[in-house]
Amino acid sequence: DTESYAQRASAFSQLAKYDKAIEDYGALIRLQPTDSEHFFKRASCYQQLRKSEPALLDLNQAIRLKPDYGSALLQRCLLKMGDGQFTAAATDARSALDALSWRAPFAPYLALIGWLSQRHAGNIEAANAFLDDAIKNYNLSQWPGPIISFLRSEKGSADEVLKQATDNDKLTEAHAYLGFVFGLSDKRAEGLTHLRWVKEHGNKGFVEYGMAIAEIDRLEVKK
């Protein structure tokens, strides 16, 4: 039955047996073809196997079924950005922000992904527009407000941002985005220091962890 498939698929995923999890999520989709969560979870398994094409197809279907599916919208942005489709990722981030309320928990992270995508694409003005929207619509006293404020002004110190990161999850995000902004400037060594912190101490379940690893590779190639 569906509950048995769901439990087994989840267990396979936690054991990193992604091929087997994909099979069970496929069975769930055949039984419940309108459940967006099954498509999203199978997409996550495909991404773990670095199979971006089927992952994108599943994310597209999850979003068709649930247009305000924040996790799927964010994941699709990240997938496109990881494939070097920076403009497409930024467009997705903008569409997702239009579809969601700024009260949605993923909203500030969509702004951050939009900013990073446009910075990689070399569109600094468009990148800053994402941060300006966040400053206008989001309560910056809440996390990740300190990151957004720093990225927009680049005033103050990285230490001030880190002081406001009160647990390891927030430190993972803070070090990651500090690493990204410094890596995109002339502070490459400082950027690598922050990104390596993420690699050694960060929460491996966070999207920023994988992004940090990829950015380390990019920066080290530029030596």
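Which residues in H8 meet which residues in H9? I found Asn128, Leu131, Asp132, Ala134 and Ile135 in H8 meeting Ile148, Leu151 and Arg152 in H9, where contact means heavy atoms within 4.5 Å.

The model is predicted: local features need pLDDT of at least 70, side-chain atom pairs count only at pLDDT 80 or more, and totals for chains, interfaces and linings use all residues. Residues are numbered from 1 along each chain as its sequence is written, and side-chain values use heavy atoms, without hydrogens and water.

I then took the geometry of this pair. Helix H8 (residues 124–137) packs on helix H9 (residues 145–153) at about 135°, with the axes 10 Å apart.

Next I looked up H11 (residues 168–183) and H12 (residues 188–201), which pack at about 150° with axes 7 Å apart. That makes H11 roughly antiparallel to H12.

Last, I looked up the largest nonpolar core, which has 71 residues. Such a core is a set of buried Ala, Val, Leu, Ile, Met, Phe, Trp, Tyr and Cys residues joined through side-chain atoms within 4.5 Å; buried means under 20% relative accessible area with a 1.4 Å probe, protein chains only. Trp115, Leu151 and Tyr177 touch the most other members. Helix H7 (residues 107–121) gives the most to this core, with 8 residues. Leaving aside neighbours within four places in sequence, I noted that Tyr177 is in contact with Leu112, Ile113, Trp115, Ile147, Leu151, Glu208 and Met211.

How values were computed: Buried means under 20% relative accessible area, exposed over 50%, partly exposed in between (1.4 Å probe, protein chains only). Helices (H or I, at least four residues) and strands (E, at least two) are DSSP runs, numbered from the N terminus. Axes are lines fitted to C-alpha atoms, for helices over the stretch in contact, and angles run from 0 to 180 degrees between N-to-C directions. Angles under 35 degrees count as roughly parallel, over 145 as roughly antiparallel, 65 to 115 as roughly perpendicular and the rest as oblique.
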